[in-house]
Amino acid sequence: MPILLSEVFQNLYNSVDSIVVGNCVGVEALASVTSSADISQMIIGFFTGLSAGSGVLFSRCFGAKDQEHLHRAIHTSMLFSLILGVAMAALGIVFTPLLLRLVKCPEDVYDQSMIYLRIYLIGVFLTSVYNIASGVLRSVGDSRTPFYYLVLASCVNVFLDLLLVAVFGMGVAGVAIATILSQAFSSILVLRRMLRTNDVYRLVPGDLKIEADILKEIMILGMPAGIQSCIISFSNLFVQRYLNSFGSAAMAGAGAAKKIDKYLGLVGNSIGLSVTTFVSQNVGAKDYRRAFSGIKTAMLLCLGFNIVIGIPIYYFAPYCVRLFSANEGAIYYGTMLIHVMIPLYYAQSLHNVFGNVVRGFGKSVVTMITAITAMVVCRQIFLAIAMNIDYRLEFVFFAYPFGWICAAVFEAAYFLFAILRPIKKSENKEKTESWTRT
């Protein structure tokens with residue numbers, strides 16, 4: 001629940017960005033933020049995936065009570081993420097024009113998209129540090145502290161949005177600056193916690209160094225997750241190309257709908273993150289029965305949350321979209337996207353659960369391959385065929401759940417046949433040998 005609420009608040013201040021821009025500046029400004037969203041998500045998603053994969057190593061060390069290994073892993077990953085974050089921010093700022101051309105950003109929103117994205121990318125290194133640090137806290141069972149910090153950061157972001165955009169009229173630049181400052185605030189808070197604690201996850205600045213053997217483990221477990229997230233987000237840029245061809249109203253409506261649909265997607269994301277930690281800790285302790293029990297519980301939780309949250313969002317979709325824009329065209333297209341995705345959202349939750357379960361068992365490369373195959377290859381093949389048959393916006397919208405369904409099927413099949421079955425066979429063999437000896 002703390003992870004879910006953290007995700008809700010993090011998404012909340014992203015939504016406030018769009019609400020303030022859409023209502024205080026206009027539909028073009030909202031479209032510019034939407035056009036930049038998949039690009040920024042591609043870079044941010046890399047660090048989110050890296051922290052999720054690194055969290056597997058942290059949780060396994062914690063479950064095995066190997067404090068020395070945990071200490072070394074934390075300090076190597078923190079320094080590595082900082083260096084990588086600064087490098088990615090610099091590259092992102094330099095190649096912003098290329099990225100906007102890649103998504104065929106319309107001319108009427110190009111200048112605002114350029115301003116928003118370049119300012120936003122300055123704060124990428126802050127996000128990378130926060131993700132790793134909060135991943136450390138989650139891996140040792142403390143998911144509440146990152147939640148408290150995100151609540152505070154969300155409040156700071158909302159206040160700054162209203163101040164810089166509604167009061168000082170800074171437009172999309174004000175929104176981007178508010179986001180950077182709130183990210184800096186949350187990063188400072190979580191680092192302060194790690195510096196002051198006497199627990200096993202204490203951060204000692206003098207111990208910050210990159211150790212080759214630890215970095216290799218992080219690369220094996222964390223880098224596939226980061227690459228997976230990055231490539232999937234890159235694939236979404238091509239989906240955005242199709243979307244952009246339908247005009248700024250469709251862009252703004254889809255952008256608003258994506259903000260709304262993320263609230264339901266948070267369920268699968270949060271439970272998936274929890275499952276990664278839960279499974280990794282129990283694998284470290286070699287308690288497979290408890291790990292499998294947790295997976296069943298996660299699937300039931302996702303089903304319940306999808307029903308409880310999804311039905312109201314589906315029926316009140318026009319009113320939800322209207323929060324972001326009063327433009328009738330944007331409301332129409334946003335409602336259409338929500339009505340396409342919501343009925344199929346459980347597939348997204350299952351994709352998150354089984355993908356993170358496989359990662360929790362140390363198979364990050366497998367999760368990367370199955371996710372990329374489904375979310376990139378299968379999705380692009382679907383779009384290429386469907387849009388050639390009939391160039392309709394509904395097909396662009398349906399591409400999102402199509403990828404989720406393929407990913408859920410691939411990952412569930414791998415778990416059942418490559419992880420669950422061998423462990424069950426091994427357990428049965430041990431029971432038979434024990435009975436024979438007795």
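Me: What should I know about the model before reading it?
Reply: Local features need pLDDT of at least 70 and side-chain atom pairs count only at pLDDT 80 or more, while totals for chains, interfaces and linings use all residues of this predicted model. Residues are numbered from 1 along each chain as its sequence is written, and side-chain values use heavy atoms, with hydrogens and water left out.

Me: How many salt bridges does a search of the whole structure find?
Reply: A salt bridge is a side-chain nitrogen of Lys or Arg within 4 Å of a carboxyl oxygen of Asp or Glu. The search of the whole structure gives six.

Me: Which parts of the chain does the pair Arg72 and Glu211 link?
Reply: Helices (H or I, at least four residues) are DSSP runs, numbered from the N terminus. The side chains of Arg72 and Glu211 form a salt bridge, N to O 2.8 Å. Arg72 sits in helix 3 (residues 67-94) and Glu211 in the loop between helix 8 (171-196) and helix 9, so the pair links distant parts of the chain, 139 residues apart. Arg72, Glu211 and Asp213 are linked in a network of salt bridges.

Me: Is Glu211 buried or exposed?
Reply: Buried means under 20% relative accessible area, exposed over 50%, and partly exposed in between (1.4 Å probe, protein chains only). Glu211 has 18% and is therefore buried.

Me: How do I read the salt bridge of Arg322 and Glu328?
Reply: Take the N to O distance, which is 3.7 Å for these side chains, then the accessibility of each residue. Arg322 is partly exposed at 40%, whereas Glu328 is exposed at 54%.

Me: What is the distance between the closest N and O atoms of Arg392 and Asp390?
Reply: The distance is 3.9 Å, and the two form a salt bridge. Arg392 has a relative accessible area of 35%, which means partly exposed; Asp390, at 34%, is also partly exposed.

Me: At what angle do the axes of helix 9 and helix 10 cross?
Reply: Axes are lines fitted to C-alpha atoms, for helices over the stretch in contact, and angles run from 0 to 180 degrees between N-to-C directions. The axes of helix 9 (residues 212-221) and helix 10 (residues 223-244) cross at roughly 40° and come within 3 Å. Helix 9 is therefore oblique to helix 10 (under 35 degrees is roughly parallel, over 145 roughly antiparallel, 65 to 115 roughly perpendicular, the rest oblique).

Key
Helices (H or I, at least four residues) and strands (E, at least two) are DSSP runs, numbered from the N terminus.
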